[in-house]
Amino acid sequence: QRIRSQNIVPCTVSQLLAAEQVDETFRIHDVEISQVTIMGIIRHAEKAPTNILYKVDDMTAAPMDVRQWVDTDEAGGENVVVPPGTYIKVAGHLRSFQNKKSLVAFKIMPLENMNEFTTHILEIVNAHMVLRKNLMSASRVPQSFSSTGVGGMGGYGGGSSLPVNGLTAHQSQVLNLIKNCPVPEGMSLQELKHQLQNMSMATIKQAVEFLSSEGHIYSTVDDDHYKSTDAE
Amino acid sequence: MGDVHEVPRPRIATAHLAQNIGKPVCFVGRVVKIHPTGKLFVLSDGEGKHTTVELSEPLDEEISGVLEVVGRVTNQATIMCMSYVQFREDKSPFDLELYNEALKIIHEFPEYFPCG
């Protein structure tokens with residue numbers, strides 16, 4: 001399951017540039033983002049018939065392209081270009097075209113009170129910390145796990161196969177085994193199969209692949225050994 | 001040298017100058033004094049510590065209040081200014097002490113506020 005932020009996430013330009021694109025979605029630290037806000041100073045503004053292109057600089061990277069589509073029917077109003085040197089707040093969607101990231105803004109507002117900028121900085125740290133923690137806590141599954149060989153009967157056979165905190169029962173069991181493994185190079189697929197006798201190797205591999213892509217585990221000496229990213 | 005506006009510029013206070021010698025930075029502070037030549041001025045940060053800002057060309061306007069300076073830290077731990085902007089305070093005064101607290105947070109959590 002994916003952890004998706006439904007809200008509008010305050011970001012730095014550097015975070016947006018580092019966001020990974022998977023198909024149509026973007027992720028920052030494995031959290032899916034779509035609508036974002038940035039705050040920065042306009043370095044450049046260019047007006048075209050259908051849109052205004054700004055270059056917005058928040059000091060964390062090079063200025064980012066921010067495009068605002070204008071309503072060609074409307075006289076004045078939306079078509080006013082905010083001058084360079086103005087600090088603005090932008091709310092928009094992240095886009096990537098030919099490997100270049102940009103924002104399509106649905107709202108651009110000059111800052112009237114620069115203390116909002118200070119707040120924005122703090123909100124960025126808070127938002128990303130909370131999003132990251134929510135993602136990590138999805139791995140702390142409350143269901144009980146017996147280390148004397150699962151067999152699957154008590155552990156998840158009686159329980160539902162619905163995702164708990166974003167993980168299915170299979171995934172949770174694999175993750176818990178990996179987390180509790182004290183060996184430096186982590187847990188091997190063979191050892192997982194040995195401990196999870198009721199789970200086929202294919203199922204284990206699927207779980208490992210999912211957990212790895214979600215950032216709960218990572219491979220160590222080779223693709224057969226994994227450790228948990230959640231340090232105890 | 002390149003254009004410092006195209007690279008990451010960490011937000012710093014006076015205390016961080018020494019560890020950023022030679023690097024592009026962003027410094028916010030209140031104008032304390034301006035040298036008669038107009039080629040240097042002193043800003044005070046949120047902790048009241050002073051930083052000297054140098055210009056390659058003399059100022060061509062009056063500056064006052066809170067300035068955000070983009071530039072490079074010199075070997076003498078001053079800032080060679082490439083550009084600056086005055087923070088508007090027409091509606092509300094800028095809380096520089098709070099900004100300084102925010103700097104501490106972003107320095108403590110670079111993973112959530114990456115610069116570069």
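This is a predicted model: local features need pLDDT of at least 70, side-chain atom pairs count only at pLDDT 80 or more; totals for chains, interfaces and linings use all residues.
**Extent of the interface between chain B and chain A**

- On the chain B side, 31 residues are in contact with chain A, and they meet 29 residues of chain A.
- The two chains bury about 2,500 Å² between them, and carbon and sulfur atoms account for 64% of this area.
- R88(B), Y112(B) and F113(B) together supply 26% of the area that chain B buries against chain A, which is more than any other three residues supply.

**Salt bridges and make-up of the chain B side**

- The count of salt bridges between chain B and chain A is 2.
- R9(B) forms a salt bridge with D57(A), where the closest N and O atoms are 2.8 Å apart.
- Three elements of chain B, namely strand 5 (66-73), strand 6 (79-86) and helix 1 (96-108), each supply at least two residues of the side that touches chain A.
- Helix 1 of chain B gives the largest share of that side, with 5 residues.
- Sorted by class, the side of chain B that touches chain A has 18 nonpolar, 4 polar and 9 charged residues.

**Domains of chain A**

- The domain assignment divides chain A into domain 1, covering 9-74 + 81-136, and domain 2, covering 169-228.
- Taken over C-alpha atoms, the centres of domain 1 of chain A and domain 2 of chain A are 37 Å apart.

**Contact between the domains of chain A**

- In chain A, 4 residues of domain 1 are in contact with 4 residues of domain 2.
- The area buried between domain 1 of chain A and domain 2 of chain A is about 310 Å², and carbon and sulfur atoms give 36% of it.
- Within domain 1 of chain A, the residues that lose the most area to domain 2 are D30(A), L135(A) and M136(A), which together make up 82% of what that side buries.

- Between domain 1 of chain A and domain 2 of chain A the count is 1 salt bridge.
- E214(A) forms a salt bridge with R27(A), and their closest N and O atoms are 3.7 Å apart.
- The residues of domain 1 of chain A on the side that touches domain 2 comprise 2 nonpolar, no polar and 2 charged.

Technical notes:
Residues are numbered from 1 along each chain as its sequence is written. Chains are lettered from A and ligands numbered from 1 in the order in which they are written. Side-chain values use heavy atoms; hydrogens and water are left out. Domain bounds come from an automatic or database domain assignment. Contact means heavy atoms within 4.5 Å. Buried area is the accessible area (1.4 Å probe) that two parts lose on being put together, summed over both. A salt bridge is a side-chain nitrogen of Lys or Arg within 4 Å of a carboxyl oxygen of Asp or Glu. Ala, Val, Leu, Ile, Met, Phe, Trp, Tyr, Cys and Pro count as nonpolar, Asp, Glu, Lys and Arg as charged, and the others, Gly among them, as polar. Helices (H or I, at least four residues) and strands (E, at least two) are DSSP runs, numbered from the N terminus.
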